[in-house]
Amino acid sequence: MEELFAQSIKDLGNLYHFSEDELNILDDADKAADELSESEFEHYIKREVNPDHAKVLAKHKIIGASVDKKYGGRGANPLVSVLMKERLGQLGMGLSSFVNVQMFLGEMMIQRWGTEQQKDKYLRPAVKGEKILAYGLTEPEAGSDPASMQTTYEKKNGKYILNGSKYLITNGSIADNLIIFARAKDNKEEKSAFIVDSKSQGFSISMKMEEKIGLFTSDTAMPQLDNVEVDETDVLGGIGNGMHIAYSGLMNGRTGVASASIGVIEACLNAVVERAKERIQHGKEIGKHQLIQNHIAEIRQNLEMARWPVYFAAIRKAEYEKDPNNKDLISELDLRISLAKKIASRLAFESADRAVQVFGGFGYSILSPAGRMFCDSRVARIYEGTDEIQTLKIAEGILGKDFRAFG
Amino acid sequence: MKIDLSGTEHMAAGVSKSERFITDPESVSKCIPDSKEFQNTGEHTFSIKVEIGIGTLKGTFLINGIVESKGNSITYRLSGGGFGNKVSILLYIKISGDETQTDLSWNANFDISGIISGLGQGIVKKVSEEKIAEIINNVKNVLEAK
């Protein structure tokens, strides 16, 4: 097992008793990451989507590990899920983005809000890697303010008709099904979520975002909906519940980004330690130069500072999942997840920046792990809620909802 | 970057035949994917050009080698480089068996510097393992077919 990941499990093992099943899940996550490492590297430097994600994650039964056993998952609780994502995050944010959307935003939202029919139709195949899912919330004019979405639905002849554009959607062009958020055409306050089949007439991909500055192995696209018909049975969570679903999904997504950020810091630490012991300049290993030691020590500190807020948020999230109507717990969790996401993602980017510095000129290339982590980790401060949104949520968590600074 | 790999292999070929094959670098070179321009440079020395690559990072290495055989032990000492990389490999092979089969155990110590070493040990080790498995499989196929 990868050493830093094994250390995380050991450290947490002093506070939490992992069952045999949970340790097996973590072992499988380690195997999946190991198996994907080479193809992730190769596709990254070719700047192309890695088509192996679903296949390998399904082979190791990781693609739906957080889903309840009764739907074919392995029932991994939030803490175990965070650790899985930590290990996968060591390969960069591309793989992490796929998992975040497939499992945390796709499968987990259908599990929480879907009907039994929807779970049979979408969740069970997704858990086996037979259906790829996407989460269509963001729009060109509705990023940090999803409530201002312009995609509309109206009911005609017993079907819902969707029109609009979704933007920067992970898995957007490879998904079989997308959870699409829209507002009622005649009432912009009413928001709902729909499970849309990507083969539906009127569904198209108007743009693939291939000109990113990182995250190359993850698909990012702009789905277009032109009079897409959705059956009543594919409304997720009931008409009018769109924003509840969206925000509950974001809690999962943010936890996922935070945990992958721990993995990024670990990858940076592994890379700089290796480099420091092997690279010789001025007649000695660069690790013997004090200023390089400073970078290494800072990255190790970043790891320590990043992981505990994430683990603690996950522990509290497990409590919340047992008691989802506890409003105090929801408020606390909202604060803890924003803290975890903001702290971990900023420290991941800072660690990657330091790793580039340790690598020197080669660090400025995506051939180096430092260069790849630098390009990838920047997005963690943006997607699933920017640093600025997390800051406002943290302030709201301290001052109270009356002081909410956003809509 | 230092990488140590080891393994064992069972071959359905007599030990004398296996030993003759494995101590002949020209025969072994034909089992190395993307090898070209093999030259015997002395009784126990040779040079070979091999295309080595990870992903899009590919180039030709010129490797000089010495092969030594003592009892049932065979040693290959390889050193060379290409496109900003240097590599030295020490490969120990032990063979045993009878006239119908061969058991082979091997241990390889790689020392790599340059661009490839900067890719990270995880990637380089995985690719090296795959390449060695491919070479051993090719050797095995040739020996068992004859």
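Predicted model: local features only at pLDDT ≥ 70, side-chain atom pairs only at ≥ 80, totals over all residues.
Let me start with chain A. It is divided into domain 1, residues 3-131, domain 2, residues 134-236, and domain 3, residues 242-403. I will look at how domain 1 of chain A meets domain 3 of chain A. Taken over C-alpha atoms, the centres of these two domains are 18 Å apart. On the domain 1 side 26 residues are in contact with 34 residues of domain 3.

Which elements of domain 1 give two or more residues to that side? They are helix 1 (3-13), helix 2 (20-45), helix 4 (78-89) and helix 5 (93-113) of chain A. Helix 5 of chain A gives the most, with ten residues. Sorted by class, the side of domain 1 that touches domain 3 has 14 nonpolar, eight polar and four charged residues.

Two residues of chain A deserve a stop. Is A:Arg336 buried or exposed? A residue is buried if 20 or more other C-beta atoms lie within 10 Å of its own. A:Arg336 has 24 C-beta neighbours inside 10 Å, so it counts as buried. If we leave aside neighbours within four places in sequence, A:Arg336 is in contact with A:Phe312, A:Ala313 and A:Arg316. Take A:Phe312 from that list: A:Arg336 and A:Phe312 are 24 residues apart in sequence, and their C-alpha atoms are 7.9 Å apart in space.

My other pick is A:Glu384. You will find A:Glu384 in the loop between helix 10 (369-377) and helix 11 (387-399) of chain A. Its phi is near 60°, a positive value in a residue other than glycine. A:Glu384 counts as buried because it has 30 C-beta neighbours inside 10 Å.

Now to where the two chains meet. Here 14 residues of chain A are in contact with 14 residues of chain B. On the chain A side, helix 2 and helix 7 (242-278) each supply at least two residues. Helix 2 of chain A gives the most, with five residues. By class, the side of chain A that touches chain B has seven nonpolar, two polar and five charged residues.

That brings us to chain B. Its secondary structure comes to three helices and seven strands. Along the sequence the pattern of chain B is β-α-α-β-β-β-β-β-β-α. Chain B has a radius of gyration of 15 Å, close to the 15 Å that the globule rule gives for 146 residues, so it is as compact as a globular protein of that length. The C-alpha trace of chain B spans about 45 × 30 × 25 Å along its principal axes. Of its 146 residues, 25% count as buried.

How are the strands of chain B arranged? They form an open sheet of seven strands in the order 1-7-6-5-4-3-2, with antiparallel pairing. Strand 1 (2-11) and strand 2 (35-40) of chain B are the edge strands, and each pairs on one side only. From one strand to the next the twist averages 20°.

Strand 1 of chain B is joined to strand 7 of chain B by ten bridges, and the two run antiparallel. In this part of the sheet, B:His10 stands opposite B:Asp103 in strand 7 of chain B. Strand 3 (residues 45-54) and strand 4 (residues 57-70) of chain B also pair in the antiparallel sense, over ten bridges. B:Glu51 stands opposite B:Thr60, which is in strand 4 of chain B.

Helix 1 of chain B, residues 15-22, packs on it and touches strand 1, strand 5 (73-82), strand 6 (85-97) and strand 7 (102-114). The direction of helix 1 makes about 165° with that of strand 6 of chain B. Helix 3 of chain B, residues 121-145, lies across strand 1, strand 3 and strand 7, running at about 25° to strand 1.

Strand 1 of chain B is hardly covered, with one buried residue among its ten. In strand 2 of chain B we find B:Glu37. Phi of B:Glu37 is near 55°, again positive in a residue other than glycine. B:Glu37 is exposed, with 11 other C-beta atoms within 10 Å.

Technical notes. Residues numbered from 1 in each chain as written. Chains lettered and ligands numbered in written order. Domains from an automatic or database assignment. Contact = placed C-beta atoms within 7 Å. Helix = DSSP H or I, 4+ residues; strand = E, 2+ residues; numbered from the N terminus. Nonpolar A, V, L, I, M, F, W, Y, C, P; charged D, E, K, R; others polar. Pairing = 2+ DSSP bridges. Axes fitted to C-alpha atoms, helices over the stretch in contact; angles between N-to-C directions. Rg over C-alpha atoms; globule rule 2.2 N^0.38 Å. Buried ≥ 20, exposed ≤ 12 C-beta atoms within 10 Å, placed from the backbone.
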